[in-house]
Amino acid sequence: MNIIEINNLTFRYGNKFIYDNFSLNVERGTWVTIAGPNGVGKTTLVKILAGLEKNYSDVKIFGKKVNKKNIYGIRKEVGFVFDNPDNFFACETVEDELAFSLENLAVAPATIKKKIREISELLGINNLLKVNPYELSGGEKQKVALGCALMLEPRILILDEALMMVDINQRKELLKIIKDYNTQKRVTVVSFTHDLDEALYSDRLVILNEGKIIIDGAFPKVFDEERVMRKIGLEVPFAVELSQKLRVYNLVNKIDLDIERLVDEVWK
Amino acid sequence: MEVIFRNVSFSYNLGMSNEKKALDNINVFLEGNLIHGIIGPIGSGKTTMLELMNGITKPTSGEVIVGNYELSSLKNNFDFNSFRYDVGLVYQFPEKQFFCSTVGEEIAFSSKIFKSKNRNIKDKVRKALKMVGLDDSYVKRSPFSLNAGEKRRVAIASVLISNPKLLILDEPTIGLDNNSKKRLMRLLKNLKTRYMKTIIIVTHDVDMLYEIVDDIVALNGGKIVKQGNKMEVFSDVNLLEKNKVPVASVIKVCKIFKDKTGLDLGYVKNTNELVRLIVRKCKEKEGDY
């Protein structure tokens, strides 16, 4: 069952078409990564899904059209995490920031408190609850923004370059947490990024270029198109690059995303 | 332009219940005309170091010296005007601060603030654009019509217009795709070699850093984990990993290769060299060498 449906979407800024007859479906409970070079229209698509652009009758979430009438109901169940948390914070402490959305939905204070404890421990931000969000580092801000989205217990999580300020080690931890939400709680995840290392946690990779889907597939098979990815300016995961280069010397015969296994294969 | 941190400590909210020590008695020497990288996990003190060396904040104790500028006390007579000329800071997502209608106006803005003589501004704008590899045709274009990589370069040009001796960049490659990132790396190398700039990069993009920097300062919990030449710093993978400092991918592979085979690949500059060395070791094992 498709939880997000985009059918023949056309969108333009002035005379420049970003999407022309663009279609994409996302199945419930999956994690889809949508990647593409800078300026390809990733953030535009996020804004369309969030109802921040005009009403688009050709975009549906939970089978409902994303329009003025439905958007309030849709947003209650979709967590959005945007690239720059500074544009989003409204409160004086991280704790208030986490509570904000549930308070607006008139959730009982005790429930909110319990939820804040749960989410802040999960993301490792429980030591930041009394801090002003604007005093945090970029990575910490993004963790808080993710926490705010998770507070809602969303059915869909939409991430727009949401982890790019987080360092590589912590990014892996956060991606594992999101993966758990995806597999255990059946939260559908749609992540927009140009970092294909992040994509390795998802089930499906969709690559956009000039308003069209040029690659759509599962891992690691999708990396057979590595050259195309590079050509449009995407950086493939290091393991893919290494596999491909070792393949030239017949030291490995397929792409392996696990470096330890790759070295074993080379040295067998 | 050299940067010196001597016994520097810094605490946020000093004396309050939520006091947080960001830097703890660090000593750092960053030599002039080199590219330096500052790395570390979230909350390690990277941004605090950047703010201290740019005079945005004062150390709780110790001395911060940038070239001839003593930044520890920042007395009323401190010459911020000439300091801002000599030290350029490029923030994260600098392009988000654009507000002029043309690239030329955007780049000229800081010069106008510093009351530079107007007759020179056009030349300075062109020179700054040239330094970042953009031609004169960009002068009349809207900065908002550019792609992400071009915007980032315009933002750097708007700092370079004052011809700073020291350029400090906070996460310069963040949000850029691979092509834009490579162009930016070439630009930074060029600024060092051709224009003799000292460059300090604060980032968690260690693969990028590994390719372009000379020296590295690795931080964790406000303390120095290791500093020095990048080969020296990255040679101690165990120490860095123990301190949650991100390690460059090629270095990680070298460590895995050594753990599994007992063979040391030595200092590896990039992926191509890594592959060449692995192929060579494999051939030696097969007796082809």
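Predicted model: local features only at pLDDT ≥ 70, side-chain atom pairs only at ≥ 80, totals over all residues.
## Domains of chain B

Chain B is assigned two domains. Domain 1 spans 3-230, and domain 2 spans 248-289. Their centres, taken over C-alpha atoms, lie 35 Å apart.

Four residues of domain 1 touch seven residues of domain 2. About 450 Å² is buried between the two domains, with carbon and sulfur atoms giving 53%. On the domain 1 side, Asp207(B), Tyr210(B) and Lys230(B) lose the most area, together 83% of what that side buries.

Two residue pairs are in polar contact. Helix H7 of chain B (residues 206-212) supplies the largest share of the domain 1 side, three residues. By class, that side has two nonpolar, no polar and two charged residues.

## Chain B against chain A

Each chain brings 39 residues to the contact. Chain B and chain A bury about 3400 Å² between them, 63% of it on carbon and sulfur atoms. In chain B, Ile42(B), His204(B) and Lys260(B) lose the most area to chain A. Together they account for 18% of what the chain B side buries.

Three salt bridges cross this interface. One of them pairs Lys260(B) with Glu260(A), with the closest N and O atoms 3.5 Å apart. The interface also holds 11 residue pairs in polar contact.

## Helices on the chain B side

Helices H6 (178-193), H10 (249-261) and H11 (271-286) of chain B each give two or more residues to the side touching chain A. H11(B) gives the most, nine residues. The chain B side comprises 18 nonpolar, 12 polar and nine charged residues.

Technical notes:
Residues numbered from 1 in each chain as written. Chains lettered and ligands numbered in written order. Heavy atoms only, no water. Domains from an automatic or database assignment. Contact = heavy atoms within 4.5 Å. Buried area = accessible area lost by both parts, 1.4 Å probe. Polar contact = N/O pair within 3.5 Å; in protein donor to acceptor, adjacent residues only side chain to side chain. Helix = DSSP H or I, 4+ residues; strand = E, 2+ residues; numbered from the N terminus. Nonpolar A, V, L, I, M, F, W, Y, C, P; charged D, E, K, R; others polar. Salt bridge = Lys/Arg side-chain N within 4 Å of Asp/Glu carboxyl O.
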